[in-house]
Amino acid sequence: MTQDLFRQDAYLRECSAHITATADAGIVLDQTVFYPLGGGQAGDSGVLVLADGTQIAIADTRKGKDADGNPTSDIVHIPAPGQEDRVAQLKPGTAVTARIDWERRHRMMRLHTTSHLLCHVVPQLVNGCSITPDYARLDFAMTDPLDKEQLTAAIATLVAAAHPLTVASISDEELDANPALVKSMSVQPPRGTGRIRTIRIGGDGDAPLIDLQPCGGTHVANTSEIGAILVTKIEKKSATTRRVVLGFAQ
């Protein structure tokens with residue numbers, strides 16, 4: 001089992017950890033700041049630093065799977081190619097410092113938070129999404145046309161309003177009683193622990209609630225941190241799907 005430190009604090013850039021397992025799939029740690037691919041968000045990259053300063057470059061991060069392909073509670077750090085001899089020498093119990101590529105992660109945090117703003121601007125169900133360091137895309141189940149300039153302006157207004165983000169949780173029963181909280185048709189919130197992580201934008205005191213939905217991804221603490229974002233493309237993917245692509249203005 002890997003303790004997922006990024007769930008509590010998305011701003012952690014590194015942590016001390018110990019190797020619990022090594023396999024062809026990658027390296028498993030007892031705790032990590034590396035986010036694994038999931039919920040549409042790409043996995044983190046970075047380095048594992050050994051006590052002698054040796055670095056293992058990590059190209060991707062994935063959720064662990066058992067022999068039958070079922071997900072486990074492990075998080076697997078996938079080494080970049082060309083380090084096979086170095087990785088083969090790693091043993092369980094070895095101490096490392098796990099350090100993410102912060103600039104890459106922060107770009108995804110900004111885009112992922114923007115995707116939640118877009119769910120407010122376009123209040124339709126999402127049937128596909130992808131969050132990468134360079135762009136985000138959301139596929140909305142809808143037939144009406146969308147306008148790039150209008151969407152860009154609406155997002156800019158929400159960014160400038162400096163709405164705070166709050167990480168909280170609800171019970172399985174609370175989610176069952178409020179199914180409209182789930183905006184995605186393609187990704188369902190993970191169940192089994194009794195609590196489901198949520199991201200709320202706005203809604204403090206008398207402030208308007210901008211968005212509230214289950215989400216396990218990483219986000220900025222305030223919409224003002226997002227910066228300038230553009231809707232770079234709108235596509236008609238099918239008769240009932242409109243794709244919106246987000247990118248950085250600079």
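Cys119 is buried, at a relative accessible area of 9%; buried means under 20%, exposed over 50%, and partly exposed in between (1.4 Å probe, protein chains only). This is a predicted model, in which local features need pLDDT of at least 70, side-chain atom pairs count only at pLDDT 80 or more, and totals for chains, interfaces and linings use all residues. Residues are numbered from 1 along each chain as its sequence is written, and side-chain values use heavy atoms, with hydrogens and water left out.

**Cysteines**

- The whole structure holds 0 disulfides, a disulfide being a pair of cysteine sulfur atoms within 2.5 Å.
- Cys119 does not form one because its sulfur is 8.4 Å from the closest cysteine sulfur, in Cys129, too far for a bond.
- For the sulfur of Cys215, the closest cysteine sulfur is also in Cys129, at 8.5 Å, again too far for a bond.
- Cys215 counts as buried, with 11% relative accessibility.

- Helices (H or I, at least four residues) and strands (E, at least two) are DSSP runs, numbered from the N terminus.
- Two strands pair if DSSP finds at least two bridges between them.
- Strands of a sheet pair through backbone hydrogen bonds, either parallel or antiparallel.
- Here, 4 strands make an open sheet in the order β9-β10-β15-β14, with antiparallel pairing.
- Its edges are β9 (126–131) and β14 (229–238), each of which pairs on one side only.
- On average, neighbouring strands of this sheet are turned by 15 degrees against each other, direction ignored.
- Such angles run from 0 to 180 degrees between N-to-C directions; axes are lines fitted to C-alpha atoms, for helices over the stretch in contact.
- β9 pairs with β10 in the antiparallel sense over 5 bridges, and a hairpin of 3 residues joins the two strands.
- In this pair, Val126 stands opposite Phe140 of β10.
- β14 and β15 (residues 241–248) are antiparallel partners over 8 bridges.
- Leu230 faces Gly247 of β15 across the pairing.

**Helices on the sheet**

- Helix α2 (residues 102–121) lies across β9, β10 (135–141), β14 and β15.
- The direction of α2 is at about 140 degrees to β15.
- Helix α3 (residues 148–160) also packs on the sheet and touches β14 and β15.
- The directions of α3 and β14 make an angle of about 135 degrees.
- Thr152 is found in α3 and is buried, at 17% relative accessible area.
- Beyond four places in sequence, Thr152 is in contact (heavy atoms within 4.5 Å) with Ile229, Leu230 and Val231.

**Nonpolar cores**

- A nonpolar core is a set of buried Ala, Val, Leu, Ile, Met, Phe, Trp, Tyr and Cys residues joined through side-chain atoms within 4.5 Å.
- The largest has 49 residues, and Ile27, Leu29, Leu48, Leu118, Phe140 and Leu246 have the most contacts inside it.
- Helix α2 gives the largest share of this core, 7 residues.
- Another core, of 5 residues, lies apart from it and includes Leu175, Leu181, Val182 and Ile196.
- Leaving aside neighbours within four places in sequence, the contacts of Leu246 include Leu111, Leu118, Ala136, Ile155 and Leu230.

- Asp44 sits in the loop between β4 (31–32) and β5 (46–50).
- Asp44 is buried, at 0% relative accessibility.
- The side chains of Asp44 and Arg105 are joined by a polar contact of 2.7 Å.
- A polar contact is a pair of N or O atoms within 3.5 Å; within protein, one must be able to donate a hydrogen and the other to accept it, and residues adjacent in sequence count only if both atoms are side-chain atoms.
- Apart from neighbours within four places in sequence, Asp44 has contacts that include Phe34, Tyr35, Asp60, Arg104, Arg105 and Met108.

**Arg7**

- Arg7 lies in the loop between β1 (3–4) and β2 (14–23).
- The Arg7 side chain reaches the backbone oxygen of Gly216 at 2.2 Å.
- Not counting residues up to four places away in sequence, Arg7 touches Tyr35, Val167, Arg197, Gly216 and Gly217.
- The C-alpha atoms of Arg7 and Thr218 are separated by 7.3 Å, although these residues are 211 apart along the chain.

**Ala162**

- Ala162 is found in the loop between α3 and β11 (165–171).
- Its phi is near 55 degrees, a positive value in a residue other than glycine.
- Ala162 is partly exposed, with a relative accessible area of 32%.
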